[in-house]
Amino acid sequence: MSPTTRNRLILVGALAIAASGLAVIAFGNLGENLVYYWSPQEMLDQGDKAYGPTIRLGGVVKEGSIEWDADSAELRFRVAEGVEEDAVSVPVRSRETPPQMFRDNIGVVVEGTWSSAGLFESNRLMVNHSNEYRPPEEGEEKSWDQTVSAASGPGAP
Amino acid sequence: MSLGHLGYALVLVGVAAATFGAVVGLVGGLRRRPATLRWALGATYAFAGAMLAANLVMEVGLLTDDFSIRYVAQVGSIQTPTVYKIVSLWSALEGSILFWGLVLGGYLAAFAWLHRKEDPLYMSVALGVMLSVATFFAFLIAGPANPFEVLPNPPSNGPGPNPLLQNHVLMIVHPPMLYLGYVGMTVPFGVALAGLIKGEIRTSWMGPLRRWTLTAWIFLTIGIVLGGWWAYAVLGWGGYWAWDPVENASFLPWLTATAFIHSTMVQERKRMLKLWTLSLALASFVLTILGTFMTRSGVFNSVHSFTQSDIGPTFLVFIGILLVACISLLAFRGPLLVAEDHIKAPLSRETSILVNNLVFAALTFVVLVGTLHPLIAESLFDKRVSVGAPYFNRLTLPFWVAMLFLMGVGPMLPWGRADGSRFRNQFLVPAGAALLTVGVCVAFGLRGGYALSVFGLAAFVTVITLRELVLPVRARMRDKQESFFKALSGSASRSQRRFGGYIVHLGIVLIAVAVAASSAFVSHTTATLRVGESFELQGHQMTFEGLVRGQEPHREYVAARLQLTPRGGDGQRLLAPRMNYYESSTDPVGTPAVHDTVREDLYVSLLAFDGKSQIASFNAWTFPLVSWIWWSLPILAFGTLIAVWPVRRRKPGKAGTKADGEGGKPEVAPADAPSPTAEQGAA
């Protein structure tokens with residue numbers, strides 16, 4: 001066997017071993033780090049399988065469900081399947097201060113875990129930027145239309 | 001004829017020129033008709049000209065608020081400030097594909113002009129391949145992503161560009177840089193595929209191939225870093241990298257292009273790894289197309305998904321064609337590109353570059369698996385999943401550490417075969433510096449295996465790199481009695497590539513240290529305050545002084561006044577994290593306040609506020625050394641500029657394995673030179 005052929009064989013062998021090792025590690029870690037993207041109904045349908053893994057729960061904030069306790073920094077609300085009154089919803093607890101856009105009926109994604117106690121513990125709260133941005137409609141308030149002292153008087157509405 | 005029709009006519013001229021040039025170039029090149037190169041060159045210039053004109057027409061439309069053009073009606077508005085009108089060319093899908101066409105035309109015309117005197121057959125095939133790519137994009141602009149569609153009933157005003165794009169000046173620079181990087185990969189792709197089609201690639205092509213890739217690489221690098229900076233300065237979640245599919249999309253071609261830049265050196269000096277090197281050039285291009293598909297078709301739910309459109313299937317077909325073409329060419333023509341040498345010793349420069357390439361390949365694989373898995377899971381198993389950042393962090397960290405180690409070891413090793421005892425001697429000082437660094441960090445109370453090993457290796461690489469840079473200069477000063485600066489410039493111009501490459505290495509070390517420090521030693525807190533109350537983070541005291549409202553030409557804002565007393569008490573200042581309200585959007589876009597110093601950034605974003613009760617909530621972080629990431633950009637750009645700066649043409653037949661004497665008498669390596677190859681790295 002010429003040195004070139006031998007070297008090449010050794011190289012190919014080493015590469016094959018390294019590549020399969022890497023593949024095993026990559027796919028193994030993939031399973032552990034998957035984040036499931038479910039709506040409340042889909043999550044409930046999973047039954048016991050939903051307890052444990054990291055879940056991104058997507059839905060809308062149920063109207064009138066927001067309770068924010070600033071002293072203990074605890075936010076409770078329900079994520080519902082849709083805006084209808086009778087939509088399936090799931091209680092969520094978060095330790096995060098709700099962001100400015102957080103309000104009733106807005107689309108949210110919460111990342112966290114679901115437990116058999118029936119509470120979704122969220123460690124990340126994301127408010128859906130509405131992808132189709134549009135000017136506020138007639139009569140619709142901009143969320144800051146409250147009494148904030150104007151910094152530059154002229155031009156402020 | 002309206003502006004829209006004119007623009008569309010120009011796009012059709014582009015389609016015609018590209019198609020004609022692709023056919024003529026490929027057929028003429030393969031049938032060995034050198035005279036056809038003229039036609040391919042002409043078609044290239046025509047395509048570039050048509051694209052330039054079409055882009056100018058669109059700019060005129062944007063600037064004159066011609067809402068009869070669909071794209072202008074979609075992203076323009078009368079109130080938009082002029083500078084944002086200009087950049088809204090790339091603020092949405094159709095415009096950005098049109099802009100892509102302009103950049104592609106520019107690259108192809110530059111390539112055609114600079115290499116018009118090269119071997120005409122090879123040039124014809126290379127241009128034919130590149131113009132085939134241009135044909136696809138021209139068709140895309142003419143069909144699925146047509147920005148020039150004329151509206152029968154134009155609106156009187158438009159919504160204006162996406163608020164996120166108007167929110168920070170970096171959005172003006174980041175997309176063009178990224179495009180210059182993405183599109184630039186077309187040139188190496190064309191040259192490499194031509195090599196495969198013809199079954200040979202001359203060594204004389206390796207220099208241009210490397211320089212074109214380096215050009216695209218530096219733009220891609222700048223684009224990626226600026227993208228991280230933009231996310232940091234705008235999105236307010238306190239980070240610059242989230243392993244978002246869109247970020248990964250730009251990172252994958254960066255990895256393969258970086259591997260390519262290193263493996264060309266082996267091909268050039270040792271005439272090995274030919275097929276591998278060409279495969280990397282092909283992979284870089286295919287990955288940029290994959291990245292564009294992922295970014296632009298909206299297949300991922302991410303912050304960039306505002307550009308959803310029906311171009312997805314078109315891209316998928318193109319990716320399919322590319323993969324089939326590349327893989328079958330590699331399989332059938334690849335065996336023609338045989339190595340003319342083999343690795344003789346495990347301790348050599350070529351082995352270190354080979355290992356470097358394997359590490360880059362492994363990284364590409366890991367990131368690709370994590371990025372594509374959600375797509376595959378959803379399309380095959382109807383499961384909606386995403387891959388969490390821990391997957392990427394855990395699996396890529398060991399490779400980053402290995403990479404840093406190789407960045408130190410590689411430059412110390414000579415081509416061919418290293419002298420073991422000499423290598424050990426050279427190893428001592430850098431290794432000592434590494435241990436000392438780790439010791440000092442531990443003494444200052446820093447913990448964490450990965451962060452400390454990155455710091456240690458950073459010292460290791462820095463010492464080696466500086467030694468490799470400085471010792472030849474010192475030798476020149478001694479042997480030729482030159483002044484420091486004369487010797488420095490002499491040494492740099494004599495071995496541009498090595499000199500530039502090492503400067504780039506130093507920039508990368510800076511990024512590695514900054515990333516390790518800012519992610520391992522981050523601290524975070526949140527606070528909800530009434531006026532007069534304060535909170536503290538890492539010794540920084542912040543007192544809330546109230547909310548103010550203000551107005552700028554294109555937006556209104558609410559800012560929270562935070563009086564900051566930095567750690568140590570000196571230099572009180574006002575921080576004003578704020579939320580911006582745009583005409584076109586109901587939701588605000590935040591701007592965090594950053595107090596940046598060399599040592600650390602204090603980063604505060606306004607999370608929520610209540611105007612009536614004057615209560616505000618804040619998210620605050622400290623990131624040690626994070627600004628070093630952005631500061632590495634001038635270093636990277638400077639190093640790359642040195643490396644790609646055109647060299648005087650050398651006499652042919654000298655790219656062998658022997659030292660290149662460069663006409664004059666070869667410089668004698670001094671006895672204490674760091675490595676025998678110090679001055680020979682250039683080619």
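In chain B, four strands make an open antiparallel sheet, ordered β2-β11-β10-β9. β2 (523–530) and β9 (593–596) of chain B are the edge strands, each pairing on one side only. Neighbouring strands of this sheet are turned by 20 degrees against each other on average, direction ignored. Strands here are DSSP runs of E with at least two residues, helices are runs of H or I with at least four, and both are numbered from the N terminus. Two strands pair if DSSP finds at least two bridges between them.

This is a predicted model: local features need pLDDT of at least 70, side-chain atom pairs count only at pLDDT 80 or more, and totals for chains, interfaces and linings use all residues. Residues are numbered from 1 along each chain as its sequence is written, while chains are lettered from A and ligands numbered from 1 in the order in which they are written.

How many bridges join β9(B) to β10 (residues 600–610) of chain B? Four do, and the two strands run antiparallel. B:D596 stands opposite B:D601 in β10(B). Strands of a sheet pair through backbone hydrogen bonds, either parallel or antiparallel.

B:D65 has 19 C-beta neighbours inside 10 Å, so it counts as partly exposed. B:Q614 also has 19 inside 10 Å and is therefore partly exposed. The cut-offs use C-beta atoms placed from the backbone: a residue is buried with 20 or more others within 10 Å of its own, exposed with 12 or fewer, and partly exposed in between.

**Helices of chain B.** Helix α17 (residues 449–480) of chain B has 32 residues, so at 1.5 Å a residue it should span 46 Å. Its end C-alpha atoms are 46 Å apart, which agrees. The expected span is 1.5 Å times one less than the number of residues. B:Q481 follows α17(B) and has a positive phi, near 55 degrees.

Helix α10 (residues 206–235) and helix α20 (residues 627–644) of chain B have axes that come within 10 Å and cross at roughly 175 degrees. The two helices are therefore roughly antiparallel to each other, a label for angles over 145 degrees. Axes are lines fitted to C-alpha atoms, for helices over the stretch in contact, and angles run from 0 to 180 degrees between N-to-C directions. On the α10(B) side, the residues that meet α20(B) include B:L214, B:I218, B:I222 and B:W229. Their partners in α20(B) include B:W630, B:L633, B:L636 and B:A637. An α-helix has 3.6 residues a turn, so residues three or four places apart point the same way.

**Domains.** Bounds come from an automatic or database domain assignment. Chain B is divided into domain 1 (1–161) and domain 2 (523–627). Their C-alpha centres lie 44 Å apart. Five residues of domain 1 of chain B are in contact (C-beta atoms, placed from the backbone, within 7 Å) with four residues of domain 2 of chain B.

**Chain A.** This chain has two helices and seven strands. From the N terminus on, its elements run α-β-α-β-β-β-β-β-β. Buried residues make up 24% of its 157 residues. Chain A is divided into domain 1 (1–33) and domain 2 (36–127), with C-alpha centres 44 Å apart.

Terms used. Angles under 35 degrees count as roughly parallel, over 145 as roughly antiparallel, 65 to 115 as roughly perpendicular and the rest as oblique. Two residues are in contact if their C-beta atoms, placed from the backbone, lie within 7 Å.
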